[in-house]
Amino acid sequence: AEVSQGHISVVLLGATGDLAKKYLWQGLFQLYMDQVSSGHSFTFHGAALTALEPGQRLMFDVLKKLACPPDESPNRCAVLKDQFLKLSQYHQLKTAENYTVLNREIETLLRQEGLKEAGRIFYFSVPPFAYTEIARHINSSCRPPPGAWLRVVLEKPFGHDLESAQQLAAELTSFFREEEMYRVDHYLGKQAVAHILPFRDQNRQFLDPIWNRQKRVEIVLKETVDAKGRVSFYEQYGVIRDVLQNHLTEALMFLTMELPANVSRAEEVLQCKLQAFQSLRGLEKTSAVLGQYQAYASQVQEELQKAQNYISTTPTFAGVLIHSDNLRWEGVPFLLTSGKALDERVGYVRVLFKNRAYCTQSETLRDAGHSQCKAKQIVFYIGHGALNTPAVLVSRNLFRPVMPEGSWREAVGQSDLHIFGQPLSDYYVYSPVKERDAYSVLISNIYHGRKDFFITTENLLASWGFWTPLLDSISDQPLRLYPGGVENQHLLDFEMVSGEVAFTLAEPVELLNTDYKTIQSKFRQSPLVSAWSEDLISQLASDIEKAASRTVARSGQFHLALSGGSSPVVLFQRLARHHYAFPWKQTHIWLVDERCVPLTDTESNFFSLHKHLLQSVRVPYFNVHPMPVHLNQRLCVEEDRGTELYAKEIMALVPNASFDLVLLGVGTDGHTASLFPQSENGLEGAQTVVLTESPVKPHQRMSLSLPLINKARQVFVLVLGRGKHDITTLLSRVGHEPRKWPASGVSPSSGQLVWYVDYEALLG
């Protein structure tokens with residue numbers, strides 16, 4: 001043996017649990033076999049709450065069943081296994097004193113053997129509720145001495161949503177430094193997933209010209225098993241938290257992140273991953289389709305002792321459509337799909353490229369494999385399925401990939417197999433020279449300190465920040481029931497329509513008997529459109545697009561003035577994602593009102609407008625007209641004449657200072673635009689743009705005046721939510737009293753006024 005580089009103590013907490021039995025002890029044995037000649041010496045400490053004798057017996061029952069890889073000679077295997085068992089011991093770790101005793105034993109062993117300590121690995125194979133207490137014990141009495149490293153390995157789930165993940169992260173950060181924590185996502189140890197970045201790096205010359213020509217990307221994990229036996233866990237988490245938020249999202253990051261200069265530098269990789277997260281477009285309820293296999297309800301009732309009438313809203317199947325706002329991925333849909341009780345067990349990442357070719361020669365005369373008319377794709381095949389092995393497949397009509405010779409080899413044969421409708425012979429196929437279990441790969445990376453194979457705190461919170469709004473919005477969404485297995489047939493097929501996803505087959509739905517048809521179609525003597533908020537926003541967006549198209553056809557341009565506040569945000573998002581025919585090129589965007597803060601401030605109406613609409617549509621830069629609230633490095637000072645500047649700009653560009661369409665909202669106090677009850681400015685008079693005072697912060701505002709708003713050709717007023725019910729009722733009863741309720745003064749002199757009020761605001 002080489003001169004010792006120091007001793008490593010590995011402590012496996014939860015040493016007699018399922019994960020330890022199935023994967024972790026085997027992974028630790030593999031580490032020992034790989035590193036026995038590295039110069040490090042090892043001891044392995046299994047630990048659990050079970051008392052010493054029964055715990056020891058359970059643990060050694062597992063250790064005796066450890067296996068060597070097929071290419072290991074039986075003699076060497078027997079010797080290494082014998083050594084591994086001698087280096088392994090069991091401890092009951094229940095109290096603070098138990099941890100102190102463990103620390104003393106490690107120190108005594110090192111002293112007796114004359115060994116220098118290199119570091120300690122603590123693997124938490126325990127439920128997350130136990131993390132904090134164990135972390136406290138390790139930190140107070142089981143840390144290695146200065147000069148030796150500590151690596152703490154944590155298993156998911158890392159929280160249930162953003163808030164719980166932040167709380168758990170804060171607790172752990174009080175005991176461990178970031179570089180000491182290794183959060184495991186075992187998918188990062190899957191050989192095909194782990195090779196996505198190296199593949200992109202080694203094939204830059206081929207991929208750079210085509211990496212922005214994707215038609216779509218599918219990231220899929222299908223399972224045939226159901227949740228039986230795991231229902232207590234599954235009922236809390238569901239398929240999105242269990243699979244999409246972690247495993248599939250990590251694969252998504254490896255695909256969408258910009259390549260760092262050096263893919264071997266963990267810090268660079270992690271930085272690029274975070275930037276990729278920031279480019280993801282927010283998810284809405286319509287970004288997902290959800291299902292639940294039919295037997296799940298009875299399994300919940302049985303395992304959790306729930307009543308017969310208990311209805312679970314936990315999805316066991318999800319298909320989610322994701323978009324990135326990175327220009328490289330503009331318009332490319334990413335489909336993340338996973339579910340239980342499906343027709344096959346398979347996992348893959350499939351990148352399908354647009355095909356620009358048209359082949360004149362008949363199909364029978366073409367060179368089949370290299371035909372430019374066949375589908376062009378790259379598939380990272382995670383395992384199981386038809387191939388039953390990890391693999392990388394590249395269509396022969398794309399390029400012959402560069403693959404590392406030592407670890408991947410070109411596969412031959414199996415030509416009768418078909419993958420995604422094409423014979424295997426249409427692909428260059430590569431499989432690992434040596435197949436390795438994901439946990440063996442990850443345990444090796446923990447030993448080597450490779451942090452890029454693990455989830456950092458920042459990475460974790462970015463992922464939860466992305467998924468939590470969707471999880472909140474679908475918490476009560478109805479699920480499509482499916483029988484399970486091959487009987488699902490086409491029930492779970494879904495399609496993308498205008499940036500949303502929906503099941504392809506309609507489900508028989510009982511029509512609700514509602515009284516909404518009897519709702520008056522007038523409000524304050526003007527047309528009223530009323531519906532549930534989602535349908536209302538959809539209708540409003542369509543009506544704005546129709547108005548824009550008509551106006552552009554008539555006069556060549558469309559002047560649209562938009563209000564701030566929270567209500568229009570969903571409208572902006574709808575316009576950005578679903579109205580591709582909108583004549584943005586001929587549209588001028590004006591602000592109805594603005595808060596006196598810098599335009600980069602999150603309180604700014606322009607900031608919200610830019611975030612939710614402008615950055616996603618192609619409005620010419622010079623057609624965007626923010627209010628000049630920030631002049632001479634100060635905000636809304638009268639001498640700076642910001643209101644006059646905006647008024648002059650309107651006079652110069654908007655014919656007759658008459659906007660084609662003004663969108664307004666209504667506040668709970670009856671204000672509209674930034675015209676508040678008893679406002680001194682803007683409710684009457686000749687001024688077109690005014691400074692006003694709001695009763696809530698930020699107090700100073702700039703606003704179009706009521707007389708200018710009333711010159712518009714069309715005014716749409718949007719009122720959403722139960723919180724607006726009282727003011728809606730009041731406005732339906734009062735006359736023209738703008739000093740008390742400015743919204744009551746909205747009455748275009750020669751234009752049309754339409755009220756868009758959702759059922760919650762209308763009916764309470």
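The legends below accompany close-up views of a predicted model.

**View 1. An open parallel sheet of six strands.**
The strands of this open sheet follow one another in the order β3-β2-β1-β4-β5-β6, and their pairing is parallel. Its edges are formed by β3 (88-92) and β6, each of which pairs on one side only, and from one strand to the next the twist averages 20 degrees. Within the sheet, β1 (residues 6-13) and β4 (residues 117-124) run parallel and are joined by seven bridges, and L13 has F124 as its bridge partner in β4. Across β1, β4 and β5 (149-155) lies helix α5 (residues 131-141), which runs at about 165 degrees to β4.

**View 2. The aromatic pair of Y182 and F454.**
The structure contains 30 aromatic pairs, and the one shown here, between Y182 and F454, is edge-to-face, with 5.1 Å from centre to centre and 75 degrees between the planes. Because Y182 belongs to strand β6 (residues 181-184) while F454 belongs to the loop between α13 (438-448) and α14 (457-473), the pair ties together parts of the chain that are 272 residues apart in sequence. Both Y182 and F454 are buried.

**View 3. The aromatic pair of Y348 and F420.**
The ring centres of Y348 and F420 are 4.8 Å apart and the planes stand at 75 degrees, so this pair is edge-to-face. It links distant parts of the chain, with Y348 in strand β11 (residues 346-353) and F420 in the loop between β15 (418-419) and β16 (422-423), 72 residues apart. Y348 has a relative accessible area of 11% and is therefore buried, whereas F420, with a relative accessible area of 25%, is partly exposed.

**View 4. An aromatic cluster and two charges placed over rings.**
One aromatic cluster is formed by W25, F29, Y32, F42, F44, F84 and Y447. R151 lies over the face of W149, at 3.8 Å from the ring centre, and the charged end of K306 sits over the ring of Y310, at 4.9 Å from its centre.

**View 5. The salt bridge between K222 and E344.**
Of the 34 salt bridges that the structure holds, this view shows the one between K222 and E344, whose closest N and O atoms are 3.0 Å apart. The pair links distant parts of the chain, since K222 is in strand β7 (residues 214-222) and E344 in the loop between β10 (334-339) and β11, 122 residues apart. With 16% relative accessibility K222 counts as buried, whereas E344, at 32% relative accessibility, counts as partly exposed.

**View 6. The salt bridge between E534 and K285.**
In this salt bridge the side chains of E534 and K285 meet at 4.0 Å, N to O. E534 is part of helix α15 (residues 533-555) and K285 is part of the loop between α11 (266-279) and β8 (288-293), so the pair ties together parts that are 249 residues apart in sequence. E534 counts as partly exposed at 46% relative accessibility, and K285 is also partly exposed, with a relative accessible area of 31%.

The closest N and O atoms of the salt bridge between E500 and R574 are 2.9 Å apart. E500 is buried, its relative accessible area being 18%, while R574, with 21%, is partly exposed. A further group in this view consists of R143, R177, E179 and E180, which are joined into one network by salt bridges that share partners.

**View 7. The surroundings of S287.**
S287 is found in the loop between α11 and β8, and its relative accessible area of 7% is that of a buried residue. Leaving aside residues up to four places away in sequence, S287 touches G319, V320, L321 and V501.

Key
Residues numbered from 1 in each chain as written. Predicted model: local features only at pLDDT ≥ 70, side-chain atom pairs only at ≥ 80, totals over all residues. Heavy atoms only, no water. Phe/Tyr/Trp six-rings, centres within 6.5 Å; stacked < 30°, edge-to-face > 60°. Helix = DSSP H or I, 4+ residues; strand = E, 2+ residues; numbered from the N terminus. Buried < 20%, exposed > 50% of the residue type's maximum accessible area, 1.4 Å probe, protein only. Lys NZ or Arg CZ within 6 Å of the ring centre and 35° of its normal. Pairing = 2+ DSSP bridges. Axes fitted to C-alpha atoms, helices over the stretch in contact; angles between N-to-C directions. Contact = heavy atoms within 4.5 Å.
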